[in-house]
Amino acid sequence: MAGAAAEERRLATVVASWQQRPVLVVGDAMLDEWRFAESERLCREAPAPVLTLRRRISAAGGAANTAVNVAALGGRAALVAPVGADVAGDELHDCLDRAAVWDRTVSQSGRPTPVKRRMLAGNQILLREDSGGPEDGLDADGVARLLTALHCATEELRAVAAGQPLTLVVCDYGLGALPSAVRAWLIANRDRYGTVALDAHDLADWRGLNPTVVTPSFAEATRLLARAAAGFAHAERGAVPSGDVHLNHPAAADGPSELMVGAAPGGSGERVPGSPHPTSGTPAAEAPAGPTGEPVPGEERVALTGDGLSVTGTGVTVSAAAGAGVDRAVLAESRLPELREHTGADVVAVTLDTEGAVVGGAEGEPRRSHSTPVPASHAVGAGDAYLAAMTLALAADAGLPTAAQLAQLAATITVADTGTCVCRRQDLLAALGTGADEGGHPALVGADEMAALVDEHRQAGRSVVFTNGCFDVLHPGHVRYLTQARALGDLLIVAVNSDGSVRRLKGPDRPVNPVEDRIALLAALACVDHVVVFEEDSPARLIEAVRPDVYVKGGDYPPEMVPEAPLVRRLGGQVRTLGYVPDRSTSAIIDRIRAQSHSMSERTERSEGREAMPDSHSPAVGEGRPA
């Protein structure tokens with residue numbers, strides 16, 4: 001149990017560290033409309049239910065819901081997307097305002113806002129009506145204004161980022177919000193963003209972006225492999241794609257064998273103009289176009305049949321020799337390196353809807369996550385929550401296993417009820433079992449939450465003690481110092497330097513421990529009430545927000561030598577310095593570890609030297625020395 005609690009706290013520190021991360025979301029924004037009705041009889045005209053509308057809900061969808069999830073999870077989200085000058089567009093603006101998303105959408109007269117209208121009776125979706133799609137393209141003026149909005153939103157986020165690298169999320173669902181000129185701009189400006197996440201129905205359109213992470217469904221991943229084998233550059237080669245996508249499993253093979261990929265039915269690969277369609281024989285101009293918009297139901301439900309012998313949809317088939325042990329997760333895991341190569345992504349997360357996801361990067365073993373099956377009406381937008389949490393975690397420099405775990409958890413806890421899924425930061429922390437103080441406040445808080453939290457404490461009559469530091473290698477000196485600091489007031493707030501701040505202050509070989517480990521240990525101490533991370537080299541901004549009654553620093557120098565002393569006194573607080581425990585500093589511990597490591601290396605070298613070069617004057621065994 002103690003190990004589980006420590007793991008939950010470690011994950012909670014990552015959630016705390018991504019607070020107010022600047023994230024630009026661009027892509028296909030839409031409005032989700034939910035109509036809840038009751039039905040007690042059939043109509044006379046047809047064997048159809050008569051529905052009585054009881055409730056109507058509107059929610060952000062697509063790229064807009066991804067932005068809402070980023071904001072709800074604690075990030076600072078800005079959305080750039082074309083939105084129609086219509087009633088649906090007005091409702092979408094309201095949804096963004098309520099979620100505190102920076103609405104930088106571009107109004108497009110004559111182009112309707114994409115809407116998905118779902119009619120439900122009970123918990124069952126009876127029908128869905130879609131309006132707005134790829135046929136409603138952007139005109140030249142719309143593209144120009146969208147590019148201007150992208151540049152302005154990027155600079156706006158940079159101005160408030162406090163030195164943090166910007167994050168970009170691209171949501172391309174084939175509805176026309178990202179024409180070639182916009183894609184070219186994003187690819188050309190890739191270096192303006194630190195972390196880039198891509199969720200696209202057709203990943204092949206984004207070659208050259210080199211994203212940090214891509215999150216294709218199994219169908220989208222299969223489609224990309226098909227185009228990689230048959231469609232990427234065949235126009236230059238003059239080649240014609242071959243037939244279906246196949247998984248051939250020789251009888252002697254142990255487990256799944258190589259995936260032989262060709263062009264998927266329906267025209268996944270690009271074709272030479274005038275060349276025959278590989279399955280119909282008709283010229284390309286008359287053949288079905290490549291995939292646009294959402295994958296068709298057959299593509300979304302790529303799954304093994306009951307006998308485990310074949311996979312249907314997008315032309316993928318498995319021979320009878322495969323056996324029942326082959327499933328989508330195994331197939332996806334075997335293709336992660338190729339998907340990384342074709343997308344240029346550091347991380348690929350193949351989502352498997354109710355079966356969870358398979359995630360892999362350049363290093364380490366692929367990670368499989370699982371989810372609980374729920375009704376389809378509960379899972380709408382769960383992928384947006386997954387994408388938002390995965391992106392924020394990677395932007396906060398969390399390891400891939402941690403990012404995958406938080407992303408799956410964010411998606412899972414949003415599917416408890418019907419509607420468009422949004423994961424809120426407090427719900428994610430509650431799922432992690434994050435501890436709270438006696439007033440119900442979390443131990444790990446964001447910098448922007450601190451002022452309001454301190455006001456609540458002061459209204460309750462509590463005095464506030466504040467200290468800051470790197471706390472790289474937590475040792476008894478730190479514990480004694482923090483215990484003494486806590487005794488000076490009613491609660492203790494500890495501000496911790498971020499990893500980047502530590503490197504600037506201490507050098508490129510520090511910190512020894514990443515920030516999520518450092519604040520997890522601090523938050524576990526009984527004497528510490530709240531922990532907050534700051535990116536700057538000085539805690540001055542936090543001090544102004546907290547206005548501590550007592551500011552504490554460690555050291556044997558007088559309070560007058562503390563750089564923050566004038567600011568604290570101007571705000572009405574007092575400054576105290578507390579001596580360190582002798583020989584218990586972080587630097588001293590690191591020096592001892594290095595000295596011991598150097599000593600061990602020297603002993604090893606001397607030992608190896610004696611074994612390799614025996615003394616010629618020493619008698620051999622049996623020559624004057626007992627054996």
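Strand β8 (residues 115-121) and strand β9 (residues 124-131) pair in the antiparallel sense over seven bridges, where pairing requires at least two DSSP bridges between two strands. The model is predicted: local features need pLDDT of at least 70 and side-chain atom pairs count only at pLDDT 80 or more, while totals for chains, interfaces and linings use all residues. Residues are numbered from 1 along each chain as its sequence is written, and side-chain values use heavy atoms, with hydrogens and water left out. Strands (E, at least two residues) and helices (H or I, at least four residues) are DSSP runs numbered from the N terminus.

**Strand β8 and its partners**

- M119 has L127 of β9 as its bridge partner.
- Two residues separate the strands in the hairpin of β8 and β9, where G122 takes a positive phi near 70 degrees.
- With strand β2 (residues 29-42), β8 pairs in the parallel sense, again over seven bridges.
- The bridge partner of D32 is K116 in β8.
- Strand β8 is mostly covered, with five of its seven residues buried; buried means under 20% relative accessible area, exposed over 50% and partly exposed in between (1.4 Å probe, protein chains only).

**Nonpolar cores**

- The largest nonpolar core has 83 residues, and W18, L79, V359, M390 and L482 have the most contacts inside it. Such a core is a set of buried Ala, Val, Leu, Ile, Met, Phe, Trp, Tyr and Cys residues joined through side-chain atoms within 4.5 Å.
- Helix α11 (residues 382-395) supplies the largest share of this core, nine residues.
- Apart from this core lies another, of 43 residues, which includes A78, V143, L166 and L198.
- Leaving aside neighbours within four places in sequence, V359 is in contact (heavy atoms within 4.5 Å) with L336, V347, V348, A349, P366, R367, Y386, M390, L400 and A404.

**Backbone exceptions in loops**

- Most residues other than glycine have a negative phi, and most peptide bonds are trans.
- A100, which is not a glycine, has a positive phi of about 65 degrees. A100 lies in the loop between α3 (87-98) and β6 (102-103) and, at 55% relative accessibility, counts as exposed.
- R547 likewise has a positive phi, near 50 degrees. The loop between α18 (540-546) and β22 (550-554) holds R547, which is partly exposed with a relative accessible area of 43%.
- R510 and P511 are joined by a cis peptide bond, with omega about 5 degrees. P511 is found in the loop between α16 (499-506) and α17 (515-523).
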